[in-house]
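Me: I'm new to this one and would like to learn how to read it. Can you walk me through a few features?

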Amino acid sequence: MLITGGAGFIGSTLSERLLERGRRVVCLDNFCDYYDPQRKRRNVAALLARPGYTLVEGDIRDREFIRQLCIEHRFDTVIHLAAQPGVRLSLEQPQLYMDINVNGTLNLLEAARDSGVGKFVFGSSSSVYGDSGEIPFREEGPLNPISPYGVSKRTGELLCRNWNYLYGLNVAMLRFFTVYGPRQRPDMAIHKFVRRVMRGETIKLFGDGSSRRDYTFVTDIVEGILAVVESDFSLETYNLGDSSPVELGRLIATIEKAVGLPAVIERLPDQPGDPSVTYADISHASGNLGYCPKVGIQEGIERFVRWFREENL
């Protein structure tokens, strides 16, 4: 099994669970400098000695490298999590997002087709919905991505659909909703807010605090991915979220309680590209996969804060 972006916080957590289940895992990561690559190396350090685990350094944009990797290993399953993340940066560097998230996905789809991969699982995003106007977001509902990042993920989905139609590649597209938890990227809101509250630094709050996000704990996301991998599918799309949107103001209050310190807040205007709400309808995943999120926002923030302190970040 191949996991692209396997040294990231979702990929490394998923790798641990797969190894526990006796699966062989090849982790592909390019350890780019979007954030400190040493953080990702720490994510996988303990896995390197585990039987059945292989770490490969490389870039999904390198078409020939990807083709050779898939031919050499003859993967039964590809879980494609590698991507250039971040809505706001995508407004500044849209070409980079299209190169990695679109061309990289195309390279993997072609390699999967050529090497006879049985299942291709694509890590998409709630950003494909944008401000769709219909709440909660349903898989068959309207899609209106409002950032280059969202567009790149939607394009990846369309490529997956096309490879299913043209070549019969079994494809599942998973729309993740604001994943957080131990090992989370330092640029993401919860990580950033916890760090700043602990240090007494100012939190920049965009908007009036009423925006809502469907924060989903990483272990719930991983259980959803595992359920998909173990299911039979030809072409599927699943929302993987908590289905309990949390207002930004409540999120900060929950962090203040878990940290034990007040937040210093600087209020700023809304940012372009950010939807006002994300809210997953998870009935399809619940019905087909038995998907049932277990970690609520209070417990999730407490777990994250404990990890943050243990890591001395």
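Reply: Let's start with how elements get their names: helices and strands are DSSP runs, a helix having at least four residues and a strand at least two, and they are numbered from the N terminus. Keep in mind that this is a predicted model. As a case, serine 243 sits in the loop that joins β11 (235-240) to β12 (246-247).

Me: What is the phi of serine 243?

Reply: The phi of serine 243 is positive, about 65°, even though the residue is not a glycine.

Me: And is serine 243 buried, partly exposed or exposed?

Reply: Buried means under 20% relative accessible area, and exposed means over 50%. Serine 243 has 22% relative accessibility, so it counts as partly exposed.

Me: Where is phenylalanine 31, and what is its phi?

Reply: Phenylalanine 31 is in the loop between β2 (25-29) and α2 (37-45). Its phi is near 50°, again a positive value in a residue other than glycine. With a relative accessibility of 7%, phenylalanine 31 counts as buried because the cut-off is 20%.

Me: Which peptide bond is cis?

Reply: Look at the bond from isoleucine 135 to proline 136: omega there is near -5°, and the bond is cis. Proline 136 belongs to the loop between β5 (119-125) and α6 (148-167).

Me: Now helices. How far apart are the end C-alpha atoms of α1?

Reply: The expected span is 1.5 Å times one less than the number of residues. Helix α1 (residues 9-20) has 12 residues, so it should span 16 Å; the end C-alpha atoms are 17 Å apart, which agrees.

Me: How many residues of α1 are buried?

Reply: In α1, 9 of the 12 residues are buried, so to speak mostly covered. Among them are Phe9, Ile10, Leu14, Leu18 and Leu19. After α1 comes glycine 22, with a positive phi near 85°.

Me: At what angle do α7 and α11 pack?

Reply: Helix α7 (residues 189-199) packs on helix α11 (residues 297-311) at about 60°, and their axes are 11 Å apart. The two are therefore oblique to each other. The crossing of α7 over α11 is right-handed.

Me: Which residues meet there?

Reply: From α7 come Ile190, His191, Val194, Arg195 and Met198; from α11 come Ile301, Phe304, Val305, Trp307, Phe308 and Arg309. Sorted by class, the contact holds 8 nonpolar, 1 polar and 2 charged residues.

Note on methods: Residues numbered from 1 in each chain as written. Predicted model: local features only at pLDDT ≥ 70, side-chain atom pairs only at ≥ 80, totals over all residues. Heavy atoms only, no water. Axes fitted to C-alpha atoms, helices over the stretch in contact; angles between N-to-C directions. Parallel < 35°, antiparallel > 145°, perpendicular 65-115°, else oblique. Left-handed = near helix turned anticlockwise from the far one by under 90°. Contact = heavy atoms within 4.5 Å. Nonpolar A, V, L, I, M, F, W, Y, C, P; charged D, E, K, R; others polar. Buried < 20%, exposed > 50% of the residue type's maximum accessible area, 1.4 Å probe, protein only.
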